[in-house]
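Please look over the structure shown below before reading on.

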Amino acid sequence: MDQPLGGLTAFVRTADLGSFVAAGRALGLSASAVGKAVTALEQQLGVRLFQRSTRSLRLTEEGRLFHERCRRILDDLEDAQASLAQAVATPRGRLRVSVPLVSYHLILPILPEFVNLNPEVELDLDFNDRIVDLIEEGVDVAIRSGTLPDSRLMSRALRPFQLLLCAAPAYLEKHGTPDCPRDLEGHLSVRFRFPNSGKLQPWPLGLTADHPEIRTRTVLTCNNMEALRGATISGMGIGCMPDFLARDPLADGRLRTVLDAHIDAPAQFHLLWPSNRHLSPKVRVLVDFLSEKLFSDRCEIHMEEERRSQPLKP
C-alpha cells in the first residue's frame with residue numbers, strides 16, 4: 001500500500017470499522033497488510049494511534065484527533081476526484097476550429113445542434129484557407145482537403161467530394177461547350193490559387209499520356225473559392241469548384257457542368273487534431289459530431305480507417 005495516502009486510508013478505515021479485518025475487507029486487502037500500513041504510519045508520525053489488545057482495538061486520544069482531520073481530508077479528496085471525473089467526462093471550454101472558407105455554409109447550419117448538445121463548449125471558428133500549424137497555433141481541430149504530411153496529427157476521413165468544371169450558360173453560348181479535354185484549349189479559365197503554396201489548383205481531368213497538359217487562357221486567379229464561383233457565374237470563364245459549392249447555381253441554372261465523363265477521382269476532406277495521448281472531451285465530441293453530421297443531408301457518410309488509429313468512442 002502506497003504511503004502516505006495508503007496509510008491514511010488504512011488508518012481511517014480501521015478507525016471507522018473497528019478492526020483490521022473489517023478494514024481489509026473494505027479495502028480489498030489482508031488484515032495483515034492493513035495492520036502493517038497503520039504501524040508504518042505510526043512510526044512515521046512518532047505517535048501511537050491505536051491501543052491494541054488481543055480482544056479490542058481503540059483509538060488513543062492522539063488517534064482520535066488525527067482521525068477527525070484525516071476523515072475530512074479523505075472526504076475532500078473523494079469530492080475532488082468526483083469533480084475531476086465529472087470535468088473530464090463533460091466537454092467544456094474553448095474549442096478552436098480551423099475550417100476552409102468554402103465550407104462555412106455547410107458547417108454553420110449544423111452547429112446549433114452541437115451547441116445544444118454541448119452547452120459548456122465555446123466554439124471559436126477560424127474560416128481561413130491558410131494551412132495552419134495546429135500544434136504551434138493552438139488549434140484543436142481543423143478541416144482540410146489534400147495530402148496530410150504532418151505525422152503529429154491524427155486524422156479521420158469525411159465524405160469524398162467531387163471537383164466539377166462549370167461555366168455559365170451565357171459563356172457556353174458564346175464560346176461553345178467542350179466535348180473532350182482537348183477542346184478546352186482556347187477557352188477562358190478562372191483559376192484557384194492555393195494560399196499556402198501559391199500553386200494553381202490542377203483541374204481534375206483524366207488526361208492521356210500523349211496529351212498531358214491542357215492550355216487555357218486564364219482571365220482571373222484568386223485564392224477564395226467563393227470568389228471563383230462568383231466569377232464563373234458572371235460568365236468570365238470555366239471554373240473548377242467542389243460539387244457542394246456548385247449545387248445551388250447548378251440547380252437554378254446559373255451554371256452548367258462540362259466534361260463530366262472526363263472528371264478524375266474525387267477529393268477528400270479530413271478532420272485533423274493533435275495526436276495527444278489523452279483526447280480531451282471537447283475534441284472527442286466535435287470529431288464524432290462532424291463525422292456523423294457533415295454532409296449527412298446529402299449522402300451516406302463515407303468513413304475511412306483512421307491514420308495512426310486512435311479510438312474516439314469511450
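In this predicted model, serine 189 stands opposite isoleucine 238, a residue of strand β10. From that pair of residues the briefing moves out to the strands, then to the helices, and finally to a pocket.

**The sheet**

- Strand β8, which covers residues 188-192, runs parallel to strand β10, residues 238-242, and two bridges join them.
- Both strands belong to an open sheet of five strands with mixed pairing, in which the order is β9-β8-β10-β7-β11.
- At the edges stand β9 (217-222) and β11 (256-258), and because each has a single partner strand, one side of each is left without a neighbour in the sheet.
- From one strand to the next, the twist averages 40 degrees.

**Helices on the sheet**

- Helix α9, made of residues 225-233, packs on the sheet, where it touches β7 (163-167), β8, β9 and β10, and its direction makes about 140 degrees with that of β10.
- Helix α10, made of residues 243-251, also packs on the sheet, touching β7, β10 and β11, while its direction makes about 120 degrees with that of β10.

**The second largest pocket**

- The second largest pocket holds about 270 Å³ of space.
- This pocket is lined by 11 residues, of which Arg191, Trp203, Leu207, Glu213 and Ile214 are the closest to its centre.
- Sorted by class, the lining of the second largest pocket consists of six nonpolar, two polar and three charged residues.

Note on methods: Residues numbered from 1 in each chain as written. Predicted model: local features only at pLDDT ≥ 70, side-chain atom pairs only at ≥ 80, totals over all residues. Heavy atoms only, no water. Pairing = 2+ DSSP bridges. Helix = DSSP H or I, 4+ residues; strand = E, 2+ residues; numbered from the N terminus. Axes fitted to C-alpha atoms, helices over the stretch in contact; angles between N-to-C directions. Contact = heavy atoms within 4.5 Å. 1 Å grid on protein atoms, 1.4 Å probe; cavity = no way out; pocket = protein on both sides within 12 Å on 5 of 7 lines; lining within 4 Å. Points joined across faces, edges and corners; volume = space filled by probe spheres on them. Nonpolar A, V, L, I, M, F, W, Y, C, P; charged D, E, K, R; others polar.
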